[in-house]
Amino acid sequence: MANSHLNQPYASASPTPQEKGRTCRYAGQAVRALPIRVITVGKKRSEGVRLLVDEYKTKLKPYCSFEDSLVRSNPRNAQDVRAQVEDEEVAMMKLIGSDDWVVVLDERGRDIDSEQMAELLGDAGNSGASRISFCIGGAYGHGTQVRKRANVTIRLSSMVLNHQIALVVLMEQLYRSWTILKGQNYHH
C-alpha cells in the first residue's frame, strides 16, 4: 500500500480554479467508515487543545471510531536532531499497522481542500485498509521510514503549524469531511 498516493487525484498539483468549489464525488453515497488514529509527536497538550480534541472526538463518534495517540517528542533527550527524529519515528512506526492507510501531514505535502479531504476518507474506506492513521510530526518533521510508509502526504496550511494547532485543524477537518460525505449542513 505504501506510496499508492502517486495515483490518487489529491496527490497531484494544487487544485485548479475549476476544481475549487466542486462537490465531493462521494457526497451522499455510502462510504465505509474506517477507524481513525491520529498519531502526534509532542509533549503534554494544553488544556485548551485537550478540550477541543475531546469536543471533536464526541462529534466524530456518529461517523467513525477514533483514537488519539501522543508520541513523546525527543524521548532520549538527544542533542542531535537526526537522532531525535529517528527516536520519534521508531515510536510512531510501532503504532502504524501493516494494513493501515497512512496520511502524513507535512509542510511539503499537497494542499487539499475540504472536499478533497472527504474524498481521501472515501478512498481510504475503499482501499481495503483496516484503519486510517494520520501522522503529525514533531518539531523537525518526519523520518524517512514514515515518509516512505505514507499512502498520501498532505499539508493543512502553507504555513508551518505547531503540532497542537495542526491536531485541532485536522480534527475539525475530519468532522467537516464526514458532514460532506453524509450531505449534512455543517459545510457550505
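1. In α3, residues S114, E115, M117, A118 and L121 make contact (heavy atoms within 4.5 Å) with L170, Q173, L174, R176, S177, W178, I180 and L181 of α5. This α3–α5 contact comprises 8 nonpolar, 3 polar and 2 charged residues, where Ala, Val, Leu, Ile, Met, Phe, Trp, Tyr, Cys and Pro count as nonpolar, Asp, Glu, Lys and Arg as charged, and the others, Gly among them, as polar.

2. The model is predicted: local features need pLDDT of at least 70, side-chain atom pairs count only at pLDDT 80 or more, and totals for chains, interfaces and linings use all residues. Residues are numbered from 1 along each chain as its sequence is written, and side-chain values use heavy atoms, with hydrogens and water left out.

3. Helices α3 (residues 114-125) and α5 (residues 163-181) pack with axes 8 Å apart, at an angle of about 80 degrees. The two helices are therefore roughly perpendicular (65 to 115 degrees).

4. Strand β5 (residues 152-155) presents V152 and I154 on its covered face, and T153 and R155 on the uncovered one. β5 pairs with β3 (residues 100-111) in the parallel sense over 5 bridges; pairing requires at least two DSSP bridges. R155 of β5 stands opposite D111.

5. The loop between β2 (66-72) and α2 (81-95) holds N74 and also N77. Most residues other than glycine have a negative phi. Phi of N74, however, is positive, near 45 degrees, and that of N77 is positive at about 55 degrees. N74 counts as buried because its relative accessibility is 12% (buried: under 20% relative accessible area, 1.4 Å probe, protein chains only).

Key. Buried < 20%, exposed > 50% of the residue type's maximum accessible area, 1.4 Å probe, protein only. Helix = DSSP H or I, 4+ residues; strand = E, 2+ residues; numbered from the N terminus. Axes fitted to C-alpha atoms, helices over the stretch in contact; angles between N-to-C directions. Parallel < 35°, antiparallel > 145°, perpendicular 65-115°, else oblique.
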